[in-house]
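Please consider the model shown here.

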Amino acid sequence: MSYAIMPYAVRTEGIRSMVGSRDGRLLAYLKSRWAAELRAYDDLLDFADADHLFPARVALRQMVMGEEYDERIGLVYAHCLEILVAAHEETDRLPDNGWWERGIEWFRIVGNELRRAGADFDPAVLVLRGGPVPLPPLGDLGDPPNVGHLRHAEMPAVLASFENLDTGRVTEPGALEAVRQIEEWLLTCVRTGRDLVCFHY
């Protein structure tokens, strides 16, 4: 199975304001604009429940309207969160070509390469830390979808660590490209005063 990371530069406070907003117009827009994605997310689940014939739309409604979450459909909430992130007017999707077709093991590999090269950063936080808003359990740790984030205030220390990187010690093919891409994401976020939110599936 192929995996990819979807990184976004995000105004986290804007996403938090959408969750529990009870904004019916927002909900209608999201259900219309992302109708195809919501139908695809329905296929991730396999249970028959008259109240959950369209579980992704249910999850999205619960998030926007501030309703109680259903832990049976936990993994769908991560996908719905990505819809909220993508929908916000101050969100930018960031380039991710250094992270395509990479499973969760790639984060461990890149983290090991970073430590060997003198940088103190674990890239797994980008997809395993959890989202910027509370979500129900998504499943086993490391199983897709995964969600993580890095706060704007945390980024200068990470970037400072990258400045002293001994690139000659990064020997795993593709790892240096992946590291430089993280650096680009953080520089974009620092420059624009935003947080980084990533999805991996």
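The account moves from the chain as a whole to a single side chain.

This is a predicted model, in which local features need pLDDT of at least 70 and side-chain atom pairs count only at pLDDT 80 or more, while totals for chains, interfaces and linings use all residues. Residues are numbered from 1 along each chain as its sequence is written, and side-chain values use heavy atoms, with hydrogens and water left out.

The chain contains nine helices and four strands (DSSP runs: H or I of at least four residues for helices, E of at least two for strands, numbered from the N terminus). Read from the N terminus, the order is β-α-α-α-α-α-β-α-α-β-α-α-β. The radius of gyration is 18 Å, close to the 17 Å given by the globule rule for 201 residues, so the chain is as compact as a globular protein of that length. This radius is taken over C-alpha atoms, and the rule is 2.2 Å times the number of residues to the power 0.38.

| Property of the chain | Value |
|---|---|
| Span of the C-alpha trace along its principal axes | about 60 × 35 × 25 Å |
| Share of buried residues among the 201 residues | 48% |

Buried means under 20% relative accessible area, exposed over 50%, and partly exposed in between (1.4 Å probe, protein chains only).

Ser32 belongs to helix 2 (residues 24–33). Ser32 is exposed, with a relative accessible area of 57%. Its C-alpha atom is separated by 22 Å from that of Tyr69, 37 residues apart along the chain.
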